Each structure stands twice: as structure tokens, then as C-alpha cells.
Amino acid sequence: MRRRIVTLTVVAAMLAIGLFGLPFAVVAAKYYADDERAELERAADSSALAVSDDLSAGVVSPALPPSPHNITVALYSPGGQLRSGTGPPTADQVVTDARNTDLSSGDVGSNIVVAVPIINGATLAGVIRASTPRTEVYRRTALTGLGMIGLAALAVGATWLVARRLAARLARPLEELSTAAERLGDGDFTVRAHRTGIAEIDQVAATLAATAQRIGETLDRERAFSADASHQLRTPLTGLRLQLEAALDSPGQDPSEAIASGIASADRLERTIDDLLALARRSRTPKALVDVDALLDELRQGWNGLLANRGRELRISAGDVPPPRAAAAAVRQILGVLLDNAVTHGQGTVRVSVRDAGDAFAVDVSDEGPGLDGDLDVFASDRASGNGHGIGLTLARSLAEAEGGRLRLSTPSPPTFTLFLPIDEPTEGPVGTGLGG
């Protein structure tokens, strides 16, 4: 690309120089020819004035004054014979024409000739002939042409240098874009192209950066989905397994209840998968008012049995609270993470309390387990190693922030996590009712 830009620029410069230079050369050649004729006319007039007195005095061959370089002067009689000076022995056509005019000029062979008559009263006393070789015009024209060629060479050289700089300025950003595209193709989604100040190239660079960011975010979401899905599906699968094992341990009982419970668990499992896919691909439906009663009832059905099998209790309570405006899938997954954390790492009764936090909808999830270190960031480390609560809380916090809310550890002991979500205008009447586990 650089070579092409330089070549096209130099060719354009040469074409422009040719279009202006050739007419100028023609004008220069004509100018020099006219200038030589004017010089010959001045030399002829000067010689005519110098010999006119001698001719009036009857001198047949008066001496001619010195002539400028490359100009020869001759004096001819009215009959056309050479009297003095340098010229052909007899008058040529230019000298003959001068007998009847004030000035005659023309080309004779390879010479430019100018002739002027010498008038003594009303009588022709003679004719002065001045000539110079046409090569003088050619010489002056050639020198001017060489000067023009030299200037043209300098102009082309300067154009070449400027074209190289411009080509480098234009090509370097495109080469960087090409390198960035290759890195993007190799899987480096952090690649960014530098801004150059060239609007069109910067627009391409911005588009490439946005594309890299979108692809990177998509892959990050897909990778996160694998981790999130394994974390979020583990507890529902455990509950389903416990229900099936309980049915096998009681072969004499009617399996209808166990089958119905298993189907309900499978439905919740399918909903969890749909929620995770929607959240991972950011294809959630527009936010709407959350049906708090339905959400709490779903939590009771999904988690009460799992805790009961472990000899623990789930208590859910809700007051007169305006509903939040958020994606139900996100809220469901956040509370699922908090309950899974309480089941896996906590002890005793698990409590879910819905309350009005003034300008926000708040849900507290607590258990009776040992207190947590208040200085520990439980959202960034792994409780399995004794340092935090794992990937689930990180996921829950990101989902809460995506919905415009907050998730924090409100009290270390007993461990209590609180989800805050923005609310709409307060509605009349209770939104939810107290639910016992």
C-alpha cells in the first residue's frame, strides 16, 4: 500500500509538472526568439545611426561600430552589394524587403536576420543587416529547459519524500488495524488500536475495539455460564436425588407423591437452566414488577424439603412492601445463591425476610451458623478453603448490580446477606403475605 500511494503521488506530480512545464517551455522559446529579434533591431538601428553621416559625406564603405556578442552587422548599397561588415556578398530577401519598409526581419538559413534602411533625405543611402545564429535561441531555451528540469526533479524529489511520510502515516494505522485483527482472530479480545487523528481510520479502530469487546464479553458470559450453571444446578439436583432416594427407601408407599414432587423439582431445574441461559446471553425480557408472593412460594417449595431432610427449617416472612422492578430470573437466581450458601455453609434455621428499606425493596437471608470475619470479602474468595463463600456470591452480586441493586453482608453474626432492589411507586394493600417454612 505504501508503494502504491508513493507511486500514485509521484505520477500525479510528474503529470502536473508536465502539464505546466511544456506550455511554459514553448512560451520561453518564443520569448527568446522575440528577444533575439529585438536585440538585432537595436544593433541594426545603432549601426545605421553610426554610418548615416559617413554615407551623407560620400564615404562608400564606412566602418561599422562593434556589435554585441554573436551578432554580425553588414552594410549594403541600395543596389544590394556588400559595402562593409560581415554578410553575404549580395543582398538576401530580408535586405531587399527593407528597401520598401522601415524594418524587415525573417529567417535566412540557420540565422535570424533583421534589416533597416538608411534614408538620407528622401533617398535610400543603404541598408544595415544584423543577424545571429538561431542556435543562440536554442542555447538559451535549452538552459531554461535544464533549469526547469532541475526544478522539476527537486519538486518530484520533495513530492516523493512527502508522499513517503503521508503513506507511512496512512499505512501504519492500517497495518496496526491488520495486526489487531489478526490478534483478535487468535483470541486476544483485549486488543485495541491506537487513535491516529484520521477520522475514517479511527472509526474503523473504534468499530474493531467494540467488536473485540463484544466478542470477549460473549465468550466470558459463555465461560461464566458453565461455572454458574454447575454451581446453580448442584442444589436442585441434590434435592431431586434426595426425593427419589426417599421414595426408594419407602417401597410400600404410593410413589405418586414422590413422582409429583420429582416432576416439580425437574420443572424448577428447567427454569433454572432457562434463567441462566437468559442471564448469560443478556437476553432478559424487559424489567417488570416482581410477583413477590409467587417468588416466595417458589422458594418455599424448592428449599423447604431440602432443609427438612437435613433436620433444618426454612422460615419465610414478608410485610407490606412495594414490589421491586427487576428481571424475575435475576432475583430468583440471587436468592437461590443465598439459600444455597445458607444450606451448604450455614446451620440451624434459615430465614428469608422481605422488608421495606425506605427507598428500596430488601430481602434478608440468614442462618444460625458461626459468624463470619467482618474484614473478609466473602464475595471474592472461596469458603471451601475457609476464606469466603465461592463463585455463587460473586455471581449473585453481579446480577444484583446489573438490576440496579446491591448485595452485601449486612451482619457477620449471625450471617445475614441483604439484597436491595429499586422499587416502583408504592401499591395499595399488601404485596406479599407471611409464609411459613
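1. Start with one term. A residue is buried when its relative accessible area is under 20%, exposed when over 50%, and partly exposed in between (1.4 Å probe, protein chains only). By that rule, helix 7 is mostly covered, with 15 of its 18 residues buried.

2. Keep the source in mind. This is a predicted model, where local features need pLDDT of at least 70, side-chain atom pairs count only at pLDDT 80 or more, and totals for chains, interfaces and linings use all residues. Residues are numbered from 1 along each chain as its sequence is written, and side-chain values use heavy atoms, with hydrogens and water left out.

3. Now the whole chain. The protein chain has 8 helices and 12 strands. Helices (H or I, at least four residues) and strands (E, at least two) are DSSP runs, numbered from the N terminus. Of its 437 residues, 38% count as buried. A contact means heavy atoms within 4.5 Å. Among contacts with a separation of 6 or more, 62% come from residues 24 or more positions apart.

4. Back to helix 7, which covers residues 328-345. From first C-alpha to last, helix 7 reaches 26 Å, close to the 26 Å expected. The expected span is 1.5 Å times one less than the number of residues.

5. Look at the hairpin next. Strand 3 (residues 104-108) and strand 4 (residues 111-120) run antiparallel, joined by 5 bridges. Two strands pair if DSSP finds at least two bridges between them. Ser 105 has Val 114 in strand 4 as its bridge partner. The turn holds 2 residues between the strands, and Gly 109 there has a positive phi of about 65 degrees.

6. Is Thr 144 buried or exposed? Thr 144 counts as buried because its relative accessibility is 18%. Thr 144 lies in helix 3 (residues 135-185). Leaving out residues up to four places away in sequence, Thr 144 touches Phe 24, Ala 28 and Tyr 32.

7. Thr 418 is in strand 12 (residues 416-422). Thr 418 is buried, at a relative accessible area of 0%. Its side chain makes a polar contact with the side chain of Asp 364, at 2.5 Å. A polar contact is a pair of N or O atoms within 3.5 Å; within protein, one must be able to donate a hydrogen and the other to accept it, and residues adjacent in sequence count only if both atoms are side-chain atoms. Beyond four places in sequence, Thr 418 touches residues including Arg 355, Ala 362 and Arg 406.

8. The charged end of Arg 406 sits over the ring of Phe 420, 4.7 Å from its centre. The rule asks for NZ of Lys or CZ of Arg within 6 Å of the ring centre and within 35 degrees of the ring normal.
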